[in-house]
Amino acid sequence: MCLAIPAEVIKLLPDDMAIVSIDGVSKEVSIALIEEIAVGDYVILHVGHALARIDPEEARETLDLLRQMGEVVAEVRR
C-alpha cells in the first residue's frame, strides 16, 4: 500500500526541487513531475516526489482527516 499526502510548496529551489510544508514540517522534494508549480500551490507528495497539484481546500480537508485518524489511533491505544 502506498500513501501520498498533501503538502504546500513554500520555496522553489534550482534543479526541479522545492521545499514543502507538511502540517508545519518542512521537507525538500522533487517537483520534476509537475509543470509550472508556484509557491503556495499544494501538491500530493509520495516518497520525496510531488506527483500532482491538488486543490488547496481538498489538501486542508485531507490533512484534517489524517490528524483525526491519528487522534483516534492514540485514543484506542490508551
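User: Why is D15 called exposed in this predicted model?

Analyst: The relative accessible area of D15 is 71%. Exposed means over 50%, so D15 counts as exposed. The residue sits in the loop between β1 and β2.

User: What makes the phi of D15 worth a remark?

Analyst: Phi of D15 is near 60°, which is a positive value, and D15 is not a glycine. Most residues other than glycine have a negative phi.

User: Why is D16 called partly exposed?

Analyst: D16 has a relative accessibility of 46%. Buried means under 20% and exposed means over 50%. The value for D16 falls in between, so D16 counts as partly exposed. D16 also has its place in the loop between β1 and β2, and its phi is near 55°, a positive value in a residue other than glycine.

User: Why does S21 count as buried?

Analyst: Buried means under 20% relative accessible area. S21 has 17%, so S21 counts as buried. S21 lies in strand β2, which covers residues 17-22.

User: How do you know that the side chain of S21 makes a polar contact with the backbone nitrogen of G24?

Analyst: A polar atom of the S21 side chain lies 3.3 Å from the backbone nitrogen of G24. The cut-off for such a pair is within 3.5 Å, so the distance of 3.3 Å meets that cut-off.

User: Which residues does S21 touch, not counting residues up to four places away in sequence?

Analyst: With those left out, S21 touches A7, E8, I10 and S26. To touch here is to have heavy atoms within 4.5 Å.

User: What makes a set of residues a nonpolar core, and which residues are in the largest one?

Analyst: The members must be buried, be of the listed residue kinds, and be joined through side-chain atoms within 4.5 Å. The largest such core has 12 residues: A7, V9, A18, V20, I22, V29, I31, I34, I37, V43, L45 and A50. Two or more of its residues come from each of β1 (5-13), β2 and β4 (42-46). Strand β2 gives the most, with three residues.

User: What does V29, a member of this core, touch beyond residues up to four places away in sequence?

Analyst: V29 touches D16, M17, A18, V20, L45 and G48. Among them, A18, V20 and L45 are also in the core.

User: Why is E57 called partly exposed?

Analyst: E57 has a relative accessible area of 42%. E57 lies in helix α1, residues 56-76.

User: In what order do the elements of the protein chain run?

Analyst: From the N terminus on, the order is β-β-β-β-β-α. The secondary structure comes to one helix and five strands.

User: How many of the charged side chains are positive and how many negative?

Analyst: The protein chain has 7 positive and 15 negative side chains. The centres of the two sets lie 8 Å apart.

User: What percentage of the protein chain counts as buried, and what is its accessible surface?

Analyst: Of its 78 residues, 29% count as buried. The accessible surface comes to about 5,500 Å², and 56% of this belongs to carbon and sulfur atoms. The C-alpha atoms fill a box of roughly 45 × 25 × 20 Å, taken along the principal axes.

Note on methods:
Residues are numbered from 1 along each chain as its sequence is written. This is a predicted model: local features need pLDDT of at least 70, side-chain atom pairs count only at pLDDT 80 or more; totals for chains, interfaces and linings use all residues. Side-chain values use heavy atoms; hydrogens and water are left out. Helices (H or I, at least four residues) and strands (E, at least two) are DSSP runs, numbered from the N terminus. Buried means under 20% relative accessible area, exposed over 50%, partly exposed in between (1.4 Å probe, protein chains only). A polar contact is a pair of N or O atoms within 3.5 Å; within protein, one must be able to donate a hydrogen and the other to accept it, and residues adjacent in sequence count only if both atoms are side-chain atoms. Accessible areas come from the Shrake-Rupley method with a 1.4 Å probe; for residues, only the protein chains shown count as cover. Lys and Arg count as positive and Asp and Glu as negative; His and the chain ends are not counted. The place of a charge is taken as NZ of Lys, CZ of Arg, CG of Asp or CD of Glu.
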